[in-house]
Amino acid sequence: MLQVEPTAAVAPSAHVVAWSRLGSSYSPRELDEALDTGRFIELDSRILPAEDIGLHRAEMAAWPGTGDLTPWQVETRDWVEANDHTRRDILEKLHDEGPLPSSALPDTTVVPWESSGWNNDRNVRMLLGLMVRRGEVAVAGQEGRERLWDLAERIYPEVPVVPLPEAWRVRAERRLRALGIARPRVSDAAGLRVDVGDVGETVVVDGVRGRWWVDPAYLDGTFRGRAALLSPLDRLVFDRKRTDELFEFDYQLEMYKPAAKRRWGYWAMPVLYGDRLVGKLDATADREAGVLVVNAVHEDGEWSGACRTAVHREIRDLARWLGLELEGLQGESGSSTGPPPKPSSLPSGSR
């Protein structure tokens, strides 16, 4: 899956993730066309193959959850019930006039949404998000910077519903295959399961507390790394605790911090070299000026000449992919006496 995030300091995160995996042959038009034609869908700010909706339908039907509910689940259930007439108003308007932006939908809530402050009074937006999790509405497209909404039955394909235990298992297997190694229990901010359960094999990592789950395919010893620039929302680094424990990589997304308190930059991109996270790229795409401005390349520790050359190659490739001139990249020929991160042999420019 690809996470949807409109921030485009360099490019939208979903496109950066695809580029880092596929290289400059990837065109954002491919993803846009897949969404426009219904081959991909957006579900809860994630882009998925449309047929995968069958892995989520049973969970939607069981909303807000099974077994003992968390306090968060109880609160959201009660809030939706208190504003059930608004939910019905939205469904009726979408039925008659959809697709529509959230600004065109009625806010007749009697109990406003309350949070720590970020989403206060964004009643319709929050209700739409919960109606997505209930399987009632879905994202139908984009109009400028606003999402368009419609009835889920008009957006999602008719595919068999996978029973909930099997759906959780399949989704966990995919997560572990994507991560390679993961903590067994992880939840997102809303308390939703985003963990790998008990699939895979358990391992102990030297110097790290507890047991981890690993995909057996990652234990065959054939790994060969390369240099890559990652979106801050890339799943490799998204779980900051995992990133710290496994990679000893200190990182935070600082776009919500005041500029004076940022260490690495507004949207600093983690730098992968071989099997290590070795630094951050602070860059900004100035599309009006036609340049990708490199504000800083933060090297964690001492980089070898080979590492620096490989990372700079990726930065130049990023500029070419964006169709921008490169500005501000320093130290092209620099080298250090420190050993390169393992593995030391990186395929040049390979994806």
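Predicted model: local features only at pLDDT ≥ 70, side-chain atom pairs only at ≥ 80, totals over all residues.
Me: Let's start with rings. How many aromatic pairs does a search of the whole structure find?
Reply: Six. One of them joins W79 and W113.

Me: What is the geometry of W79 and W113?
Reply: Edge-to-face. The centres are 4.9 Å apart, with 85° between the planes.

Me: Where do W79 and W113 sit in the chain?
Reply: In distant parts, 34 residues apart. W79 belongs to helix α4, residues 71–82. W113 is in the loop between β4 (100–101) and α6 (123–133).

Me: Are W79 and W113 buried or exposed?
Reply: Both are buried.

Me: Which residues form an aromatic cluster?
Reply: W19, Y26 and W321 form one.

Me: And which residue lies over the face of F238?
Reply: R235, at 3.9 Å from the ring centre. There is also R39, which lies over the face of F40. That one is at 5.8 Å from the ring centre.

Me: New topic. How many residues are in the largest nonpolar core?
Reply: It has 35 residues. L229, M269, L281, V311 and L318 touch the most other members.

Me: Which elements supply at least two residues of this core?
Reply: Two of them are helices, α1 (13–22) and α11 (305–322). The others are β10 (226–229), β11 (269–274), β12 (276–286) and β13 (291–299).

Me: Which one gives the largest share?
Reply: Helix α11, with seven residues of this core.

Me: What does M269 touch?
Reply: Leaving out residues up to four places away in sequence, M269 touches V10, V16, L229, L230, S231, G279, K280, L281 and L318.

Me: What other core lies apart from the largest one?
Reply: One of 28 residues. W113, V124, V132 and V139 are among them. W113 is the partner of W79 in the edge-to-face pair.

Me: On to sheets. What is the strand order in the one with β4?
Reply: β4-β6-β5. It is an open sheet of three strands, and the pairing is antiparallel.

Me: Why is one side of β4 and of β5 left without a neighbour in the sheet?
Reply: Because β4 and β5 (137–143) stand at the edges, each with a single partner strand.

Me: How many bridges join β5 to β6?
Reply: Six, and the two strands run antiparallel. β6 covers residues 146–151. In β6, D150 is the bridge partner of A138.

Me: Which helix packs on that sheet?
Reply: Helix α5, residues 84–97. It touches β4, β5 and β6. Its direction makes about 90° with that of β6.

Me: What about the sheet with β1? What's the order there?
Reply: β1-β3-β2, also an open sheet of three strands with antiparallel pairing. β1 (2–3) and β2 (40–43) stand at the edges, so one side of each has no neighbour in the sheet.

Me: How many bridges hold β1 and β3 together?
Reply: Two. β3 spans residues 46–49. R46 in β3 is the bridge partner of Q3.

Me: Which helix lies across β1, β2 and β3?
Reply: Helix α2, residues 28–36. It runs at about 80° to β2.

Me: Last one: L246. Which helix is L246 found in?
Reply: Helix α10, residues 240–247. L246 counts as partly exposed, because its relative accessibility is 24%.

Me: What does L246 touch?
Reply: I181, V205 and W212, not counting residues up to four places away in sequence. The C-alpha atoms of L246 and G207 are separated by 9.0 Å. Along the chain, L246 and G207 are 39 residues apart.

How values were computed: Residues numbered from 1 in each chain as written. Heavy atoms only, no water. Phe/Tyr/Trp six-rings, centres within 6.5 Å; stacked < 30°, edge-to-face > 60°. Helix = DSSP H or I, 4+ residues; strand = E, 2+ residues; numbered from the N terminus. Buried < 20%, exposed > 50% of the residue type's maximum accessible area, 1.4 Å probe, protein only. Lys NZ or Arg CZ within 6 Å of the ring centre and 35° of its normal. Core = buried A, V, L, I, M, F, W, Y, C linked by side-chain atoms within 4.5 Å. Contact = heavy atoms within 4.5 Å. Pairing = 2+ DSSP bridges. Axes fitted to C-alpha atoms, helices over the stretch in contact; angles between N-to-C directions.
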